[in-house]
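Dear colleague, please find below my notes on the side-chain contacts in this model. I have set them out as numbered points, to be read next to the structure.

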There are 2 protein chains.
Amino acid sequence: MTTKFLLEESSLPTHWYNVVADLPNPPPPPLGPDGKPVTLDALAAIFPPTLIEQEVSVERWIEIPEEVREILRLWRPAPLHRAHRLEQALKTPAKIYYKNESVSPAGSHKPNTSIPQAYYNRVAGIRRLTTETGAGQWGCSLALAGQLLGLEVRVYMVKVSYQQKPYRRSMMQTWGAEVFASPTDMTNAGRQILKTQPDTPGSLGIAISEAVEEAAGRADTNYALGSVLNHVMLHQTVIGLEARKQMEMAGDYPDIVIASCGGGSNFAGLAFPFFADKAAGRQVRLLAVEPASCPTLTKGVYAYDYGDATGLTPLLKMHTLGHDFVPPGIHAGGLRYHGAAPLVSQLVQEGLVEAVAIPQLETFEAGVLFARTEGIVPAPESNHAIAATIRAARDCAHSGEPKTLLFNLSGHGHFDMAAYDRYFAGDLRDYEHPAEAIQTALSHLPKIT
Amino acid sequence: MTTKFLLEESSLPTHWYNVVADLPNPPPPPLGPDGKPVTLDALAAIFPPTLIEQEVSVERWIEIPEEVREILRLWRPAPLHRAHRLEQALKTPAKIYYKNESVSPAGSHKPNTSIPQAYYNRVAGIRRLTTETGAGQWGCSLALAGQLLGLEVRVYMVKVSYQQKPYRRSMMQTWGAEVFASPTDMTNAGRQILKTQPDTPGSLGIAISEAVEEAAGRADTNYALGSVLNHVMLHQTVIGLEARKQMEMAGDYPDIVIASCGGGSNFAGLAFPFFADKAAGRQVRLLAVEPASCPTLTKGVYAYDYGDATGLTPLLKMHTLGHDFVPPGIHAGGLRYHGAAPLVSQLVQEGLVEAVAIPQLETFEAGVLFARTEGIVPAPESNHAIAATIRAARDCAHSGEPKTLLFNLSGHGHFDMAAYDRYFAGDLRDYEHPAEAIQTALSHLPKIT
């Protein structure tokens, strides 16, 4: 009984897949504060030329530089597993497969994009990168990339996370990054907040402002983002490109491809290469799974909105709950985002990708069942994909249909055990659908003329 | 440039290698309190028949049950990596390879033996297993095994670790184990200690006493040990058996095989299959690496001593610092053991295995260099093997010899980031060789007539 499908290193993809080439309609452009499409020059203050090119490219295949591939080979190709034991526990005729992105040194799929981002910045002569991090997955991944490619990395970590999650901070420092609790007194944005709210726990919005401000103000320094943008989706497609080959090795093809969706890179990474098949006429359902407490794709609107909380970024056409919507404090920190990647949003809007929202307790129940059958303790973000997979597998048990399900195990939960503790102690709860807060935030959407 | 050597699942070993078959002399038997060899019956109170058979077997090859192999396939065969980036950082002509045992769900090599131990117990009709754990690596591995094989697991976790390392405890609970801070009031041993020392932080010795007492007193319950015993060494040989095939894939063969040594299972697992080659006349050096603060193999004596701190176990012929030697509080908790496996000790005594002791700071320096070049953050225990490998690679840089080095990356450090924190803060120190404490403990060795 084969459990894992492993690819040779020589099967590591040589090109990323750009979904834009297969979209029925061109993506709406990002807009500046004046309501006009932003110029590429405006982005050059914080991004290197090649990433800007990738952001607007319509080429189907974009070559992965050999030096990037050499680093990705430290852990890639990542295994694809058949979840025999989970199937047995569910008494389902469904066949369940998962792509295991938890094997990266940082423990998630995030280094798939931090490595090329650091690479292109170094090629452009940049010496330093800034970024923000909440729970720390992205900060760790950029720290790793900076270390491996010889760039200094400064991470603005949301203060409450800095204090509550010291081990992600230690990991960033082990990889040589500087980590500061945000807000700091090193930026105007930080000082301004500290003046009026000296005891603020910080927020992702503030941390982004600090990181962008520093990058924009220093010629040797750029900014790096871990999700949402087109080039990030692009870099993550190694996941699905490998998975497609591995499903072939298994002699199978998914009926449903399932991944969690916060900013969207985890979903895009697995699902976009299967969208290429769908665009070519193949039957395959693509399912994005979000938290019921932050239901961007299922309860948001498809509209132009800011990517950050304070309105510093260009306006992006995307599903959004409103840029000042503050999601409840669920443990899947990586899914607490008011928007979703423009490319994922567009596919949902056009009916090519489905979305479902799942409450927190069901996701932890799913994660624990997975840990107890397949062994690996998943990240709270990944538990959303697992929960949706289990729903589909149970449907198969009722209908008798032997569907093939494929989901993305985007990361492990080794740094999230406090969340599991709270789940076992009965201290976790579901958050009622925050309809009023969403309505208020949606009433603050920027007006585009 | 190939980085990883992966084996197909079909290459998972079908048999364990029993080093006893190739020893120049038969192993000295364990002795009872009366100084006579213990009877197998005496062991049957806490171990199932097949493990007792394996403990005394002289067969070279012992078949791995198919159900055990099926579970091992969740993560095995484990990858073997060529550490190109570490080599470059050291400017060494040496070729460095490492076997990556950090990929198991529990994060170390320990499940290689917890799975077969749980299996044989279940086959013998046992429903529950007890064990002790310090830092939690072994407790996690047995919890995982119990969950996957349908046995209840109770872990007595040293109280100070229970309080300081809550996340290893959470992981055990995620896998369904009961975890208690030891000493408890559930055993005579625990109650006796609590009566005289109500505020004790606990110790591995006390926790072993509790686990053994419970197992001995219940017909449905056995005890499981994570190192030291012959059957544990046997189960770990899957590491070296795979590594031998992978070195062949790499077209290479190690001049030196290097692994950390506490109880000995990590070292035995990688090195014993290469000892088989050495016994057949092949040139290969085998190097066990221990902490300078707990120098069992390099400063201990080869003598009969108790396996636990309080004298409950049979007497084992091994290198020992004395059963009442309490090692200083280094962070490599898995290497803080007064003895060493009898089989490893015998090979050291006969000059077939070399040993070296390395101070704590050098091991963390090595671990950080490894993390910054190869990506993976290693466990403090594994840092000992890395430090010895780096010493050998630097020797090659001086001599110009392009030696081939192979070490065991026995686990990751995701639950040890507090130790890295202390290292970066300058709060870690080396412990002077505790010569006086060792001398005192050695003066308490049991007298054998």
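1. Rings of Phe, Tyr and Trp (its six-membered ring) are taken to pair if their centres lie within 6.5 Å, with planes under 30 degrees apart counting as stacked, over 60 as edge-to-face and the rest as tilted. On that basis, a search of the whole structure finds 24 aromatic pairs over all chains. One of them joins A:Y119 and A:Y120, whose rings are edge-to-face at 5.3 Å centre to centre with 70° between the planes. Both A:Y119 and A:Y120 are buried (buried means under 20% relative accessible area, exposed over 50%, and partly exposed in between, with a 1.4 Å probe and protein chains only).

2. This is a predicted model, in which local features need pLDDT of at least 70 and side-chain atom pairs count only at pLDDT 80 or more, while totals for chains, interfaces and linings use all residues. Residues are numbered from 1 along each chain as its sequence is written, chains are lettered from A and ligands numbered from 1 in the order in which they are written, and side-chain values use heavy atoms, with hydrogens and water left out.

3. The rings of A:Y253 and A:F274 have centres 5.8 Å apart and planes at 65°, so this pair too is edge-to-face. Because A:Y253 lies in the loop between α12 (238-249) and β10 (256-260) of chain A and A:F274 in helix α13 (residues 265-279) of chain A, the pair ties together parts that are 21 residues apart in sequence (helices, H or I with at least four residues, and strands, E with at least two, are DSSP runs numbered from the N terminus). A:Y253 is buried at a relative accessible area of 15%, and A:F274 is buried at 0%.

4. A search of the whole structure finds 46 salt bridges over all chains, each being a side-chain nitrogen of Lys or Arg within 4 Å of a carboxyl oxygen of Asp or Glu. A:K4 forms one with B:E9, the closest N and O atoms being 3.2 Å apart. A:K4 lies in strand β1 (residues 4-5) of chain A and B:E9 in the loop between β1 (4-5) and β2 (15-17) of chain B, so the pair joins two chains. A:K4 is buried, with a relative accessible area of 7%, and B:E9 is buried at 9%.

5. The side chains of B:E362 and B:R391 meet in a salt bridge (2.7 Å, N to O), which links helix α16 (residues 360-374) to helix α17 (residues 380-399) of chain B. B:E362 is partly exposed at 24% relative accessibility, as is B:R391 at 34%.
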